[in-house]
Amino acid sequence: MQSWAAVDVPHLPGRGPALQVFDTASQSLQEIEPGAGEPARMYVCGITPYDATHLGHAATYLSFDLLQRVWRDRGHRVHYVQNVTDVDDPLFERAAQTGDDWEQLGLREVELFRTDMAALRVLPPDDYVGAVEAIPRIVGLIERLCERGAAYELDGDVYFAADASPHFGQVSHLAPAAMVALSRERGGDPDRPGKKDPVDCLLWQARRPGEPAWESPFGPGRPGWHVECAAIALDRLGPTIDVQGGGNDLVFPHHELGAAEAHAATGEWPFARAFVHAGMVGLDGEKMSKSRGNLVFVHKLRAHTDPMAVRLALLAHHYRGDWHWSPDDLPAGERRLDTWRAGVRRPSGPDGAALLAEVRAALAADLDAPQALAAVDRWAAGDGADAGAPAMVRDTVDALLGVAL
């Protein structure tokens with residue numbers, strides 16, 4: 001699958017400090033430095049393309065865009081992989097509601113997502129992989145799980161046995177009852193009779209009437225959700241990656257079960273050195289989500305305002321916290337953008353090297369974008385005689401915060 005176009009990233013003098021991010025599995029800050037000569041490896045779960053990009057999506061992908069920018073500024077090569085779940089129940093349901101062909105619906109929404117990400121200047125993944133194109137790899141992973149006794153058949157479907165990995169539960173640290181409740185809420189089938197454990201998940205779903213199917217050693221059908229990401233990550237990045245990322249609604253069951261599947265297949269643990277999760281964006285007192293319909297769409301905002309103002313409005317909130325979009329967020333982003341642009345048009349300003357150091361330090365400390373934005377605010381409001389500062393600040397803001405001034 002085709003990604004979106006990359007933007008040029010200015011080269012900054014020196015190197016930034018080592019990155020520390022909060023790891024959900026250990027519930028602590030972890031320094032994430034790839035091995036000598038190795039790229040930094042990151043897998044971020046992508047969209048299910050049955051509707052347009054909303055601000056919750058954008059906030060999540062901006063978080064990992066910052067992470068990639070910090071790594072690059074540190075001097076690391078980055079191998080970034082993102083998937084697209086282009087075959088799944090929500091896509092079929094939306095297509096049935098609208099009368100669209102499910103494939104055409106998915107292609108249309110993926111293209112809108114790419115356009116939104118490019119407008120927000122999000123650095124693209126190196127590998128942008130759809131579930132459909134990954135089906136041969138997914139089938140291979142399921143075969144390996146079957147060979148290792150980590151899967152079982154139920155009425156033609158194939159399930160992953162969660163207890164096949166002794167590390168199951170070490171990402172979310174949830175009690176069994178909480179796991180069952182979240183599985184029920186987030187696309188699982190814990191109440192299906194015949195399962196060995198309520199939280200066991202589908203690896204391969206046998207053909208259902210009216211749904212697409214692909215041939216496999218298990219019969220015609222389609223892949224489950226968690227195994228899709230596990231297979232793509234293992235194929236493109238290997239058995240251990242540096243960061244597994246996504247929204248905090250993916251901690252369980254998605255990241256928990258994907259990591260367990262990868263471990264059961266490879267014997268390697270941890271699957272990720274850090275499981276990094278972005279907070280949820282709410283509107284009108286509830287999480288912004290397609291199922292609730294309380295969405296603010298990126299393409300509608302950028303139709304009447306500079307996408308850089310949208311980016312600044314989102315970066316004003318720390319990536320890990322849940323927060324609510326308000327009518328004040330976008331005007332605040334627009335005012336900040338105007339102030340910064342006026343600042344870099346001056347013939348001189350406060351010390352540009354000092355500002356660079358402040359922004360680097362803020363982002364290295366668990367991607368503290370609000371602190372970085374505050375540092376640029378102070379610079380823009382100050383006076384100074386550094387003639388090189390405006391250009392330095394322009395490049396700093398571009399390279400590290402992704403904002404074109």
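**Cysteines, cavities and salt bridges**

The sulfur of C146 lies 12 Å from the closest cysteine sulfur, that of C201, which is too far for a bond. The cut-off for a disulfide is a pair of cysteine sulfur atoms within 2.5 Å. The structure accordingly holds zero disulfides. C201 is in no disulfide either, as the nearest cysteine sulfur, in C229, is 12 Å away. The model is a predicted one, in which local features require pLDDT of at least 70 and side-chain atom pairs pLDDT 80 or more, whereas totals for chains, interfaces and linings take in all residues. Numbering starts from 1 along each chain as its sequence is written, and side-chain values rest on heavy atoms, without hydrogens or water.

Accessibility was computed with a 1.4 Å probe on protein chains only, with buried set at under 20% relative accessible area, exposed at over 50% and partly exposed in between. C146 is partly exposed, at a relative accessible area of 33%. C201 is buried, at 6%.

Helices are DSSP runs of H or I with at least four residues, numbered from the N terminus. Helix 5 spans residues 176–185, and M179, V180, L182 and S183 are buried in it. Residues three or four places apart on an α-helix point the same way, because the helix has 3.6 residues a turn. Helix 7 (251–266) is included in what covers the buried residues of helix 5, with contact taken as heavy atoms within 4.5 Å. Just after helix 5, G187 adopts a positive phi of about 95 degrees.

Rolling a probe the size of a water molecule over the atoms shows where empty space is left. A cavity is a set of points, on a 1 Å grid over the protein atoms alone, where a 1.4 Å probe fits but cannot get out; lining residues have an atom within 4 Å of a point. Volume is the space filled by probe spheres set on the points, which are joined across faces, edges and corners. Three cavities of 30 Å³ or more were found.

The largest cavity holds about 130 Å³ of space. Its lining comprises 15 residues, and A59, S63, L314, H317 and Y319 lie nearest the centre. Helix 1 (55–74) and helix 9 (307–315) each give at least two residues to this lining. Helix 1 supplies the largest share, five residues. The lining of the largest cavity has 10 nonpolar and five polar residues, and no charged ones.

The second largest cavity contains about 50 Å³ of space. G16, P17, V70, D73, R74, R360, L363, A364 and L400 form its lining. Helix 1 and helix 11 (352–364) are the elements that contribute two or more residues there. In this second lining, five residues are nonpolar, one is polar and three are charged.

A search of the whole structure returned 27 salt bridges. The criterion was a side-chain nitrogen of Lys or Arg within 4 Å of a carboxyl oxygen of Asp or Glu. D65 takes part in two of those described here. In one, the side chains of R69 and D65 meet at 2.8 Å, N to O. Both residues belong to helix 1 and sit four residues apart, about one turn of the helix. R69 is buried, at 2% relative accessibility. D65 is likewise buried, with a relative accessible area of 2%.

R311 also bridges to D65, with the closest N and O atoms 2.5 Å apart. This pair links distant parts of the chain, since R311 is in helix 9 and D65 in helix 1, 246 residues apart. R311 is buried, at 0% relative accessibility.

A further salt bridge joins R378 to E358, where the closest N and O atoms are 2.8 Å apart. R378 lies in helix 12 (residues 369–381) and E358 in helix 11, so the bridge ties together parts that are 20 residues apart in sequence. R378 is partly exposed, at 45% relative accessibility. E358 is partly exposed too, with a relative accessible area of 36%. Elsewhere, salt bridges that share partners connect D127, R137, D235 and R236 into one network.

Conventions: 1 Å grid on protein atoms, 1.4 Å probe; cavity = no way out; pocket = protein on both sides within 12 Å on 5 of 7 lines; lining within 4 Å. Nonpolar A, V, L, I, M, F, W, Y, C, P; charged D, E, K, R; others polar.
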